[in-house]
Amino acid sequence: MKTVFVTVGTTSFDDLIEGVTCPETVQVLKARGYERLVLQAGRGSILPAADSCPHVTLEAYRFKDSIADDIQQADLVISHAGAGSCLEALGAGKPLLVVVNDKLMNNHQLEMARQLHMDSHLLYCTCSTLTETLRTMDLSVLQPFLPGQPKNFANFLDKALGVQ
């Protein structure tokens with residue numbers, strides 16, 4: 001069963017949870033062959049019920065000790081732009097769509113997502129463009145992000161954040 005895993009990490013990102021479970025987005029996912037939606041909702045105020053998304057199997061939880069199994073079982077990961085979540089999904093070799101929270105002040109997440117997108121490692125969007133991005137995305141353009149190179153990732157983050 002083709003699965004989408006959505007993670008917001010330890011944060012609250014209700015706009016992403018609402019966006020990915022809205023009827024139009026669910027229809028787009030279903031049209032693309034996804035039948036299962038697993039949500040890690042973090043500290044947000046929204047935790048959708050299993051029966052709230054007709055046409056797909058929905059599982060939702062706030063936190064687990066590890067999301068590694070959910071990432072491994074996913075055919076697509078949709079994530080907030082936190083560095084840890086991105087690195088874990090990319091390290092697992094999963095197609096990644098990052099949804100940038102454009103309500104954050106001094107949004108370094110956008111810079112990181114933009115750079116990883118320019119390097120063809122992920123796709124990114126905002127909540128307002130999520131449905132259309134899912135409708136038109138081409139996952140075949142994505143290139144692997146080679147795992148096991150934490151120094152390279154640290155250097156990348158320094159560059160993306162303007163620290164270097």
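User: Over how many bridges do strands S1 and S4 pair in the parallel sense?
Analyst: This is a predicted model, in which local features need pLDDT of at least 70 and side-chain atom pairs count only at pLDDT 80 or more, while totals for chains, interfaces and linings use all residues. Strands (E, at least two residues) and helices (H or I, at least four residues) are DSSP runs numbered from the N terminus, and two strands pair if DSSP finds at least two bridges between them. Val-4 stands opposite Leu-76 in S4, and Val-6 stands opposite Ile-78 in S4. For S1 and S4, which pair in the parallel sense, the number of bridges is four.

User: In what order do the six strands of the open sheet lie?
Analyst: Residues are numbered from 1 along each chain as its sequence is written, and side-chain values use heavy atoms, with hydrogens and water left out. S1 also pairs in the parallel sense with S2, over five bridges, where Leu-37 is the bridge partner of Val-4. S4 and S5 pair in the parallel sense over three bridges, with Leu-97 in S5 as the bridge partner of Ile-78. The six strands form an open sheet with parallel pairing, and their order is S3-S2-S1-S4-S5-S6.

User: What angle does the direction of helix H1 make with that of S2?
Analyst: Strand S2 (residues 36-40) pairs with S3 in the parallel sense over five bridges, and Gln-40 stands opposite Tyr-61 in S3. Helix H1 (residues 14-21) packs on the sheet and touches S1 (3-7), S2, S4 (76-79) and S5 (96-100), where contact means heavy atoms within 4.5 Å. The angle between the directions of H1 and S2 is about 170°.

User: Within what arc do the buried residues of helix H2 fall, seen down its axis?
Analyst: In H2 (residues 23-31), Thr-25, Val-26, Val-28 and Leu-29 are buried, where buried means under 20% relative accessible area, exposed over 50% and partly exposed in between (1.4 Å probe, protein chains only). The arc is that of the directions from the helix axis to the C-beta atoms. The buried residues line one face of H2, because seen down its axis they fall within an arc of 160°.

User: Which elements are included in what covers the buried residues of H2?
Analyst: Pro-23 and Ala-31 are exposed on the other side of H2, and just after this helix Gly-33 takes a positive phi of about 95°. The cover over the buried residues of H2 includes S1, H1, S2 and helix H6 (130-136).

User: Is S1 largely enclosed by the rest of the structure or largely open, and how many of its residues are buried?
Analyst: In a regular strand the side chains alternate between the two faces of the sheet. In S1, Thr-3, Phe-5 and Thr-7 point one way and Val-4 and Val-6 the other way, and all are buried; likewise in S4, Leu-76 and Ile-78 point one way and Val-77 and Ser-79 the other way, and all are buried. S1 is largely enclosed by the rest of the structure, because the count of its buried residues is five of the five.

User: What phi does His-55 have?
Analyst: His-55 lies in the loop between S2 and S3 and is exposed, with a relative accessible area of 57%. Although His-55 is not a glycine, its phi is positive, at about 85°.

User: What relative accessible area does Ser-120 have?
Analyst: Ser-120 lies in the loop between H5 and S6, and H5 (residues 108-118) itself lies across S5 and S6, running at about 145° to S6. Phi of Ser-120 is near 65°, a positive value in a residue other than glycine. Ser-120 is partly exposed, and its relative accessible area is 27%.

Conventions
Axes fitted to C-alpha atoms, helices over the stretch in contact; angles between N-to-C directions.
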